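Here is a short report on one protein chain.

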Amino acid sequence: SEKGKIAIIGSGLIGQSWAAIFVGAGYNVTVYDIDDKQIEKALANMTKSLKSYETQGCLRGNLSAEEQSKLITGSHDIKACMENAIYVQECVPESIEMKKSVFGELDKYCTKDMVIASSSSCINSSQFTENLNHKTNMLIAHPVNPPYFLPLVEIIPAPWTATEITNRTRQLMEEIGQAPITLKKEVPGFALNRIQYAVINECWSLYKNGVLSAEDIDKVMYEGLGRRYAFIGPLETMHLNADGIKDYCKKYAEGMQKVSSTFTPPPIEYDAATADNIQEELTNIVPADQTQTRKEWRDERLAQLDKLKRNK
Ligand code: NAD
């Protein structure tokens, strides 16, 4: 491939997803893992996934699955993996000690123009890059599972990340068909999880207060709000549901404030008794031996939605 080289550090679920996305855009990808056997497993798995995307008609890019698989190589050496890479995506398990030790390694082989991004779901990079020589080249690029079909990527620079590195990461994400957003400063949970937790907290309260069954709570999302939010966000929804957002506030703010004043203040307790009850209801809907089938069904539905959205 004429395009540059991408290094993926950690070849689990997320490392494999990133690799599939980058080869879809024609990049050469080298995958490293501390566990030698895992690299072989990951290569076999990625070949299988790309083939299955091709069969389902949702493979990205112009190359065949076979050609895309050939763009991925495994490496048992972190230095060789990073050599000549333009962009490094770290995908090791979510722990601050792990991120610190891996970023210490990556720092040794980082060059002047290299971008080093972490896939971390909730640890801000200022917690593990502060003392590194190349800290201006490092930031978070947080994907959403499954990243092949949910393109959002949260880019979060540390206070010392160079603007040029942040901008280049955003451009690269756009180019490979992801949908980047850039946080202007670090906050706990970034944006997606802050919004998600606000939703979960209210769902928990509604259940605990005996207002709705678990099934009906989820239905509010997948038959109502979720359908709308697949196309327009909450702010534009307000904008369109009145004569602009200012008019919306004039008409509805008082009611919204009244309702909002009845919310359970955080931190909400995820108590064991409520968890037990929800577990029982959900197990009736998705029995324990059907969760894998259900996950596959979910990914297939998300693939269909992605197709619809990409054809807009
Ligand atoms: P995973 O457990 O599937 O994969 C982690 C991989 O890292 C394993 O293959 C492991 O062998 C390897 N590894 C461990 N130590 C290493 C080291 N020192 N050097 C190189 N490789 C090492 O985990 P995952 O679900 O792919 O998550 C990876 C990162 O992505 C985490 O930070 C996680 O929070 C983030 N993330 C996960 C999801 C998700 O839904 N799973 C979504 C978004 C972001």
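Four bridges join strand β2 (residues 28–32) to β3, and the two run parallel. Strands count as paired if DSSP finds at least two bridges between them. In this pair, Thr30 stands opposite Thr73 in β3.

This is a predicted model: local features need pLDDT of at least 70, side-chain atom pairs count only at pLDDT 80 or more, and totals for chains, interfaces and linings use all residues. Residues are numbered from 1 along each chain as its sequence is written. Helices (H or I, at least four residues) and strands (E, at least two) are DSSP runs, numbered from the N terminus.

The pair belongs to an open sheet of eight strands, ordered β3-β2-β1-β4-β5-β6-β7-β8, with mixed pairing. β3 (72–75) and β8 (179–182) are at the edges with a single partner strand each, so one side of each has no neighbour in the sheet. Neighbouring strands are turned by 25 degrees against each other on average, direction ignored.

| Helix | Lies across | Angle |
|---|---|---|
| α1 (residues 13–24) | β1 (5–9), β2, β3, β4 (85–90), β6 (138–143) | about 170 degrees to β2 |
| α5 (residues 96–109) | β1, β4, β5 (115–118), β6 | about 170 degrees to β4 |

Axes are lines fitted to C-alpha atoms, for helices over the stretch in contact; angles run from 0 to 180 degrees between N-to-C directions.

The chain divides into domain 1 (5–182) and domain 2 (192–310), with bounds from an automatic or database domain assignment. Their C-alpha centres lie 30 Å apart. Nine residues of domain 1 are in contact with seven of domain 2; contact means C-beta atoms, placed from the backbone, within 7 Å.

Conventions: Two residues are in contact if their C-beta atoms, placed from the backbone, lie within 7 Å.
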